[in-house]
Amino acid sequence: MNSLYIDGRWLSPAGRELMPVINPATEEVIGSIVDADDSDVAAAFAAARRALPEWSARPVGERAAYLDALAGALRDNGERLAVLAASEIGMPLAESRGVQVALPEAVLRSTAQAARDLDWEYRDISESTVLREPVGVVLGITPWNFPVHQLVAKLAPALAAGCTIVLKPAELTPLNALFLAELCDQVGLPAGVVNLVTGRGSTTGEKLVQSRAYDLVSFTGSLAVGRHIGAVAGDRVVRATLELGGKSPAVVMDDADLEAAVRTTVRNCFTNAGQKCNAPTRLIVPETDRSRAMGIATAAAAEYRLGDPLDPGTTMGPMASDMQRDKVLRYVDGARERGATVAGGRRADRPTGFFVEPAVITDVDEADPVVQEEIFGPVLVILGHQGEADAIRIANDTPYGLSAELWSADPAQTARLVRGIRAGQVRVNGVRSPHPPVAPFGGYKASGLGRELGAFGLEEYLEVKAVLGTFEGEAG
């Protein structure tokens with residue numbers, strides 16, 4: 001498969017070493033990509049830089065129209081994308097249709113509307129005018145867990161802002177990205193506005209990050225890699241937005257519906273087999289309810305059916321790779337060896353695939369790695385609290401602050417919990433995500449820098465210029 005889309009053209013990988021793409025449910029090779037070299041990286045950035053003046057000069061309505069067209073193309077090819085994602089990640093098909101098709105389509109459309117609604121020239125500041133202008137060339141590096149959504153969450157605001165972009169998808173799940181690039185080409189985006197290169201993070205990714213050709217880097221992935229990218233960007237004094245994961249709490253108070261809270265937490269934790277940065281992996285309940293919560297969660301976890309992601313009856317797929325499977329098992333086995341009570345969490349008895357049984361853990365110290373570190377698998381830890389202040393303390397007692405969920409029937413207590421929990425997004429009493437997806441997403445502390453989605457996500461790709469004195473311009 002062609003795996004480099006640069007300056008509006010597909011480049012052939014002929015004569016290069018191919019990297020296999022593995023179906024994690026069957027362990028079969030379903031595609032291949034190449035590791036981009038120095039000349040590919042340079043060509044991608046050069047194309048993006050050449051395309052920038054003309055693209056940024058287009059009226060905002062025209063840029064937004066391209067996003068709407070891309071959303072339509074994604075919708076029209078939705079089933080093919082959903083099946084590809086299910087095969088590439090191991091995500092059950094029903095989930096894939098939602099987060100790999102419906103969600104990115106909505107992000108494209110809502111970002112287009114946010115750009116149309118933005119006040120590109122703000123004149124009511126004394127005798128000056130404030131302009132919003134594109135940052136420039138963007139480098140977007142995305143993870144493997146929700147590949148289409150993660151790509152779109154960077155591509156959409158970059159293009160709406162008037163930036164051009166070089167994208168690098170994760171090497172585990174590049175086929176979705178290649179298909180998205182095909183759709184960008186199909187809707188007629190000008191050459192060089194979107195460029196895509198493939199390869200390993202340690203090689204292609206590092207070449208891209210070390211380049212001096214971009215004006216902003218947007219990265220979603222691990223804390224360790226994010227620290228490295230942030231350091232490189234800081235040394236160059238270029239912008240960086242970093243979404244670096246989480247260890248999200250679900251806080252349940254004694255006046256809440258425990259059954260509903262626990263079952264909703266299990267469902268949200270085990271989406272995509274727990275391979276989700278904002279998964280509520282720490283369930284914090286009143287200490288007197290901990291044993292009951294363990295029983296409810298264990299029963300809910302036992303209802304999951306592991307299997308072929310394309311089988312309509314499957315409700316949990318495999319880990320994305322053998323390395324991820326082994327990582328999850330190390331965490332769970334370590335907690336078990338240290339005396340924790342563990343239900344499930346063993347390697348699934350299947351002939352092929354990187355499957356792990358969902359795990360529910362309790363009787364564990366708050367400092368244990370399964371409590372403090374992001375595992376990225378179907379692992380839920382249940383902790384007990386002694387009241388409101390203690391619940392807030394436990395919720396905040398990790399390096400992360402990406403998201404949180406809370407359950408309380410008392411509006412005043414809910415308000416105190418919302419204010420007390422240090423997280424970028426708080427979900428109250430099981431409310432569903434907003435549609436369209438315009439609420440800002442991003443975290444406190446080690447969960448990263450910046451926000452995605454809606455107007456707040458668009459602002460990350462814009463510079464602010466103050467013009468002092470008389471000025472007449474054209475918005476967008």
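Below are my entries, written in the order I looked things up.

**Entry 1: the model**

I'm working with a predicted model, so I keep that in mind for every entry.

**Entry 2: H3 and H4**

I began with two helices, H3 (residues 78–89) and H4 (residues 93–117). I read off an angle of about 115° between them, and their axes are 8 Å apart. The crossing of this pair is right-handed. Then I asked myself: which residues of H3 and H4 meet? From H3 I listed Gly78, Glu79, Leu81, Ala82, Val83, Ala85, Ala86 and Ile89. On the H4 side I wrote down Leu93, Ser96, Arg97, Gln100 and Val101. Sorted by class, the contact of H3 with H4 holds 8 nonpolar, 3 polar and 2 charged residues.

**Entry 3: H5 and H6**

Next I went to H5 (residues 147–161) and H6 (residues 175–186). Here the packing angle is about 45°, and the axes lie 9 Å apart. Roughly parallel would need an angle under 35 degrees, and H5 and H6 are therefore oblique to each other. H5 passes H6 in a right-handed crossing. I noted Pro147, Val148, Leu151, Val152 and Leu155 on the H5 side, meeting Asn176, Ala177, Leu180 and Cys184 of H6. How many of the residues in the contact of H5 with H6 are nonpolar, polar or charged? I got 8 nonpolar and 1 polar, with no charged residues.

**Entry 4: strand E8**

Opposite Val166 of E8 I found Leu139.

**Entry 5: the open sheet**

Then I traced a sheet of 7 strands. It is open, the pairing is mixed, and the order reads E14-E15-E16-E13-E12-E18-E19. Which strands are at the edges? They are E14 (341–344) and E19 (425–428), each pairing on one side only. On average, neighbouring strands in this sheet are turned by 20° against each other, ignoring direction.

I zoomed in on one pair, E15 (residues 359–362) and E16, which run parallel over 3 bridges. Ile361 has Val381 in E16 as its bridge partner.

A helix also packs on this sheet: H9 touches E12 (248–252), E13 (280–286), E15, E16 and E18 (403–407). The direction of H9 makes about 165° with that of E13.

**Entry 6: Asn268**

While I was at H9 (residues 258–270), I picked out Asn268, which belongs to that helix. Is Asn268 buried or exposed? Buried means under 20% relative accessible area, and Asn268 has 15%, so I count Asn268 as buried. Leaving out residues up to four places away in sequence, I found Asn268 touching Lys276, Ala279, Pro280 and Glu405.

**Entry 7: H13 and H14**

The crossing of H13 and H14 is right-handed. Glu388, Ile392 and Asn396 of H13 make the contact with Gln413, Arg416, Leu417 and Gly420 of H14. By class, I noted 2 nonpolar, 3 polar and 2 charged residues in the contact of H13 with H14.

Most residues other than glycine have a negative phi, so I went looking for exceptions.

Phe376 is one: phi is positive at about 65°, though Phe376 is not a glycine. I found Phe376 in the loop between helix H12 (369–372) and strand E16 (379–385). Phe376 is buried, at a relative accessible area of 15%.

Leu453 also has a positive phi, about 85°, without being a glycine. Where is Leu453 placed? I found Leu453 in the loop between strand E21 (448–449) and helix H15 (454–459). Leu453 counts as buried too, with 15% relative accessibility.

Methods
Residues are numbered from 1 along each chain as its sequence is written. This is a predicted model: local features need pLDDT of at least 70, side-chain atom pairs count only at pLDDT 80 or more; totals for chains, interfaces and linings use all residues. Side-chain values use heavy atoms; hydrogens and water are left out. Axes are lines fitted to C-alpha atoms, for helices over the stretch in contact, and angles run from 0 to 180 degrees between N-to-C directions. Helices (H or I, at least four residues) and strands (E, at least two) are DSSP runs, numbered from the N terminus. Angles under 35 degrees count as roughly parallel, over 145 as roughly antiparallel, 65 to 115 as roughly perpendicular and the rest as oblique. A crossing is left-handed if the near helix is turned anticlockwise from the far one by less than a right angle, and right-handed if clockwise. Contact means heavy atoms within 4.5 Å. Ala, Val, Leu, Ile, Met, Phe, Trp, Tyr, Cys and Pro count as nonpolar, Asp, Glu, Lys and Arg as charged, and the others, Gly among them, as polar. Two strands pair if DSSP finds at least two bridges between them. Buried means under 20% relative accessible area, exposed over 50%, partly exposed in between (1.4 Å probe, protein chains only).
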